[in-house]
Amino acid sequence: MRTLPPPSNIPPEIQEAWDRAGARLGLFARGLRCFSTVSSTNDLAMRFADLGADEGTVVLADAQTAGRGRRGREWFSPIGSGIYVSVVLRPSGESKQFPHWIASRLTVAAGVALAEGVRASTGLPVELKWPNDLVVGRRKLGGILTELSTTGADRPAVVVGIGVNSGLTVYTSTLVPVATSLEAELGRPIDRAPVLVETLAALAVRYEELRSTRFDAILTAWRAFAPSLRGAAIEWESPEGVVRGHAIDLDTDGALLAQAGDVVTRLVAGEVRWR
Ligand code: BTN
């Protein structure tokens, strides 16, 4: 088995914000582990989970050499330019479908928490784009990658990875038109500590809501962060090719309902593009 990288010291500004937040961090309060450079915080959190790490373990890195997004995409993760964090959760449930059922809900809950955390710490009017993008206008500021592990512990672990572009950076030519960062939007340097802490404090609350079967409250909050969702012109992939239509709403599971002509389609995964 590959060895785990040694944790680094917790940066003082993170420690200070962490201490100030105290009990607001809920299940994350005692779980922080910081690293300078890792392959992917999701990979590392998954390895911790497989070794039996407690629910609430937080893996934070300054940089990732193999950061990834949904659909196998690279997540550009240079040092000083982003918040790269993953948390280990161990929700309990009986059915065979439960891990997948909860993972998709967790993605929705984490999106809400990220939007809440960024708004609370910076005041930026961020919005959510289904299923997991944090955006300003049409530019992407952050995203969520939820992954499941079923080995090594009595309760399956879910790793929720959160990435936020925080610093001004030189994006590759494909990212220039579609990405933005906190510093680019705010026009000033930002401290990642309050963004991290407010996001995790919000995630602790939303996770608790999910555990007490109040997913409807999470969906209501999600909709409030996506004011232009209803009626938005979108296109999506189907087995028959690209379909053009418009978004209707989220359903009670967090899937996207989309309409093309008279046909309403329930989208659970895949990519939706705004037209
Ligand atoms: C997406 O929008 O496609 C999801 C991006 C998720 C990126 C974060 S950064 C921290 C964690 N580690 C990873 O390798 N990915 C997630």
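Q: What makes the position of Arg71 a loop, and between which strands is Arg71 found?
A: Arg71 is found between strand S2 (58-64) and strand S3 (82-89), where strands are DSSP runs of E with at least two residues and helices are runs of H or I with at least four, numbered from the N terminus. Phi of Arg71 is near 55°, a positive value in a residue other than glycine. The model is predicted: local features need pLDDT of at least 70, side-chain atom pairs count only at pLDDT 80 or more, and totals for chains, interfaces and linings use all residues. Residues are numbered from 1 along each chain as its sequence is written, and side-chain values use heavy atoms, with hydrogens and water left out.

Q: Why is Thr213 called exposed?
A: The relative accessible area of Thr213 is 70%, and exposed means over 50%, buried under 20% and partly exposed in between (1.4 Å probe, protein chains only); Thr213 is therefore exposed. Thr213 lies in the loop between helix H5 (192-211) and helix H6 (215-224).

Q: What makes the set of 68 residues a nonpolar core?
A: A nonpolar core is a set of buried Ala, Val, Leu, Ile, Met, Phe, Trp, Tyr and Cys residues joined through side-chain atoms within 4.5 Å. The largest such core has 68 residues, and Leu141 and Trp222 are among those with the most contacts inside it. Helix H3 (residues 98-122) supplies its largest share, 12 residues.

Q: Why does this core lie between domain 1 and domain 2?
A: Domain 1 (12-224) and domain 2 (233-274) both give residues to this core, so it lies between them; the bounds come from an automatic or database domain assignment.
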